[in-house]
Every structure is written in C-alpha cells, then in structure tokens.
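Me: I have a structure open and want to talk it through. Can we start with the overall build and then go into details?

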Amino acid sequence: TIILFMFFYLYANIGMILFGKNDPMHFGNLQVALMSLFRASTLDDWTDLMYTAALGCDQYGAYAYGRPEFGFDHKGLVKEDRVNCNHPSGLGWVGFAYFIFFVIFGALVLLTLFI
C-alpha cells in the first residue's frame, strides 16, 4: 500500500508540474491529481486525460466541447470548463508517454494489491 501511495504521489506531482496549467480540472492541485490518477489506474476513461494532456485543452476534453465549431451551446458546466482552459498547451509525446507508463505500471501495482 505504501508503494502504491508513493507511486501515485510521485506521478501526481509530476502531473501537476507538466499539466497543471493545461488541465486544471484534472491536475490543478494535489488532491484532484491523485483522484484523476486513481481514475486512470482503474482504466476508467483514462484516454480523455491522456489526449487532453497531449493535444491541449483547446483541442480535446471537456474544455473543447464549448467550442462553437463542435455545435455545442455555451451553457452550464461547458462554459465553466471552457473558462478554465487559459493555457492550451499540449505536450505531445510527453503526455502520451506519461499516461501510457502510468496506466501500465499503475494498473499492475493496483492489481498486485488484490492478488
């Protein structure tokens, strides 16, 4: 359990440094980053996190749904999420590598807790 927490804590801090400005909804602070990484380690829609980190919040994710070219209206949470996309900077292969390594190793470490 301690190894799992240290692994998550390390990746959450790295995620906040790399993706905090691009994706504050998932990496804005440590608590949110830990919850987002737990979601990714359970393989629950982890590709949304990866594509938002790699392509940028203006191109993918909950932030992009408020864009007029997608045909969505600007009401409710969509507008709030769009406001948080202040620094749309995708990191490309760094985002892909971060999440692929995390999902592989995080899922294995999480799986070993139940075996």
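What follows is a short exchange on the fold, the core, a helix pair and a loop.

Me: What kind of model is this?
Reply: It is a predicted model.

Me: How many helices and strands does the protein have?
Reply: The protein has six helices and zero strands. In sequence order the pattern reads α-α-α-α-α-α.

Me: What share of the residues is buried?
Reply: Of the 115 residues, 34% count as buried.

Me: And the surface, what supplies it?
Reply: The protein exposes about 6900 Å², and carbon and sulfur atoms supply 69% of that area.

Me: What about contacts between residues 24 or more positions apart?
Reply: Among contacts with a separation of 6 or more, such pairs account for 64%.

Me: Now the core. Which residues touch the most other members of the largest nonpolar core?
Reply: F27, L37, Y98, F99 and F102 do, in a core of 19 residues.

Me: Which helices supply it?
Reply: α1 (2–19), α3, α4 and α6 (93–113) each supply at least two residues of this core. The largest share comes from α1, with six residues. As general background, nonpolar side chains tend to be buried together in soluble globular proteins.

Me: Take L37. What does L37 touch?
Reply: Leaving out residues up to four places away in sequence, L37 touches F8, Y11, A12, F27, Y98 and F102.

Me: Switching topic: how do α3 and α4 cross?
Reply: The axes of α3 (residues 30–41) and α4 (residues 46–55) come within 8 Å and cross at roughly 120 degrees.

Me: What is in the loop between α3 and α4?
Reply: L43 is one of the residues found there. D45 also has its place in that loop.

Me: What is the phi of each?
Reply: Phi of L43 is near 65 degrees, a positive value in a residue other than glycine. D45 has a positive phi of about 60 degrees, and D45 is not a glycine either.

Me: Why point that out?
Reply: Because most residues other than glycine have a negative phi.

Me: Last one: why does D45 count as partly exposed?
Reply: D45 counts as partly exposed because its relative accessibility is 39%, and that class lies between the cut-offs of 20% for buried and 50% for exposed.

Technical notes:
Residues numbered from 1 in each chain as written. Predicted model: local features only at pLDDT ≥ 70, side-chain atom pairs only at ≥ 80, totals over all residues. Heavy atoms only, no water. Axes fitted to C-alpha atoms, helices over the stretch in contact; angles between N-to-C directions. Helix = DSSP H or I, 4+ residues; strand = E, 2+ residues; numbered from the N terminus. Buried < 20%, exposed > 50% of the residue type's maximum accessible area, 1.4 Å probe, protein only. Contact = heavy atoms within 4.5 Å. Areas by Shrake-Rupley, 256 points an atom, 1.4 Å probe, with all protein chains shown as cover. Core = buried A, V, L, I, M, F, W, Y, C linked by side-chain atoms within 4.5 Å.
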